[in-house]
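Take a look at the model first, then read on.

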Amino acid sequence: QRQAEYEKFIAKRKEYEETRDKVAEMIKGLRFEAERPTSLATVKTSIQRVDAQIKTVASKKSEFDALTAEGKALESTADTINRHKISDQLIQCTQEWKNILADLKERKENLAALALQWEDFDAKYKGFDSTLASFNQRFADSEFNFTSIEQMKTNLTGLKTLLEEARSCETKYKDVAVLAENVISYLGTVNSLARQELEISMNSITNKYKMLLTQIEDRVEVISSEISNLEGVDRKAAEISDKLNKLGRQVTLISVWHGDHTETEQQLGELREQLEAACTAARELHTTTRKQMTDLGQMLPPSCQTQLSNTELTAEKLLQQLEELESEHKRAKTVRYEFQVDVEEVQFWISKAEGKIQDGELSPYQLKDNLSYIQSEVTGISDQLDNLLANGKTIGEKTDSQQERELVHSTTTNLTEQLTALKQLIDDKKSAANDAIDAWQKFVALHAAVKAWCEERDEFLKQPLTFTSLNSAKLRVQDYATAIKSIKNVNKSLSEMGVQLKKITAVGSAGDLFEDKSEVEKYKGEIEGNLVERNALLQELSEEWEQCERKLKETQAWTSKSRDSLESLQNKKRPIKDQLNLREKMNNDITIQRKRAVMALEKLQVHFTDEMEGDKDVFVLGRQIDTDLDSLDTEVREQAKVLEACIDQLDRYQQEIGSLRGKILSCEGELRAVSSPAYTARDRDKALAQQSACRERIRGLQSKITAFTQRINLINQRGTPDTDDITASAD
């Protein structure tokens, strides 16, 4: 029984130990590693995980209860030592389970508290940041450029309200800062990088808040200063405008065409000083105000800009209007002065011109000069009168004096009538003098033409008669013929000169024109006689020259033709004897041609006088022809000598050929003798040897005849003898 109990105890102990080991393993599995979340989302996730782990640990309580029951049952049967050991083991397991559960609950509470604070911080941070963004947007939407002071005041009120609202958010900012310190403190123990990011975010929002307050305060201060400055500017601009209105009324009351120019100048000077002062004040106010606004970083409001610009523009317009009045006043003085000067000068000129025109002692030509001179001045005087009339019209329209207006009108009317009458007088006198002056000019032109003709023909006669060719001589004949034909026109010009003299004397004195006419008539007669005499001489010369030149050219052509015939192929083909006969005949013809040319030149030389200079080409041609004839004569004689030598050589060769032919006949007779049968029968070998020798001599003689014949043919072809004379014996 004890054994059975012991075995039962052993079985229970073993079961207990297995349960204990299982619980111990379970405890190890229930241990939860603490997480270190770095954001609100991970904190909430950690809470959920811890809560799930608490439920898991609590669900294991039955297993601990079972272990406790087994331990109590085993403890009742165990001895003291084992009982204490089992009891300690049960207590330890239970305590570990309770500790795990308590630790998880504490961790959940801590995380829940952290999550609550973090959620509060996150919400307030976002709310404060959104508020700052709205404040910044409102500040950015506020006006920075203004069109009026009222707009600036409205904007200032809005900025002050915004500033108060921004300052009232300081409590919210402090709440965010306190909550941020708790979160930052926690993150400092968990993650330094997350802590640093949160601190940067807090510093950023802090700087935004402080910067917003500073910007709004600065803007409020600037706008307040601008409003204060612009209100003073409006006041000053209004004062300047009132002063300008008063000065404008004074400007409209001035009459610059008043007769008292000194008083008018004094009024204009006073107004200029006042207007310049007002214009300077308006310009300085505008410039100073714009500079102040620029220094404040603002544009000048359009309303204020318009007011200052209008004030300055009004001042400048009044000053310009005053300048126009001053200019008109100067014009009034100038017009009156020019009118008076023009009246005096026009009256003096009319009087002087009438005196020159009415002078009865002037010749027609002098009268024409005076009229032309006066006529050249009429345009200038007319322009001066037009200027006088324009100034008079201006004075009449502008002056406020009726007496001055009537005086100006009567003066201009009188001067206009006088100048019109003078122009008519000039036209009448000019028409009367034109015929006489035209006649004078025609006479002078005719006289100059006749005199020029005489001088030209005199120079023509003085020119040396230098001829180098027949054409130049013929041209000279044509020149003289033309000069003689022009005498007819000169005679007409002399007759016309007499007609013009009658027209001139009908108007006034002709001066020295009659003497001029007599002198030129005498001069013309001398020139005419010389021209006729010289023309006859030149005509005879040209006719004789033409005949001489024709004969010389015929001789020249004969020389060229003869030389060509000597050198022609047809002549060279003729027998040498005929060629020799041709050259002998040509020698006689050369003598005849030379005599013919010499006689023609001597006949022409008779017609050349001492005044006819120059080396005439006809004599040059004659010398050339003589040279050509000498050359041809020499050539012909030399060729004749050569041909005679050829004939002598040909005769010798013919004699040699005749001698050789005689020797051939002798050899042929000898050959027939030795070739006869009777002679051959006596000694055949000797006969054959003698026959061969005869034939050989005959062939040698025939070859010599052929050589002489070839030499003869060659001499006939060349027309020149052999330099090395051959003979039959030499060959």
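## How two helices cross

A crossing is called left-handed if the near helix is turned anticlockwise from the far one by less than a right angle, and right-handed if clockwise. Helices here are DSSP runs of H or I with at least four residues, numbered from the N terminus. By that rule, α11 passes α13 in a left-handed crossing.

This is a predicted model, where local features need pLDDT of at least 70, side-chain atom pairs count only at pLDDT 80 or more, and totals for chains, interfaces and linings use all residues. Residues are numbered from 1 along each chain as its sequence is written, and side-chain values use heavy atoms, leaving out hydrogens and water.

## Who touches whom

Contact means heavy atoms within 4.5 Å. On the α11 side, the residues making the contact include W440, F443 and H447, while α13 brings in L513, D516 and K517, among others.

## The nonpolar cores

A nonpolar core is a set of buried Ala, Val, Leu, Ile, Met, Phe, Trp, Tyr and Cys residues joined through side-chain atoms within 4.5 Å. Buried means under 20% relative accessible area, with exposed over 50% and partly exposed in between (1.4 Å probe, protein chains only).

The largest core has 47 residues, and F467, L531 and W545 have the most contacts inside it. Helices α11, α12, α13, α15 and α16 each supply at least two of its residues. Apart from it lies another core of 25 residues, including V378 and L388.

## A buried asparagine

N587 sits in helix α15. It counts as buried because its relative accessibility is 13%.
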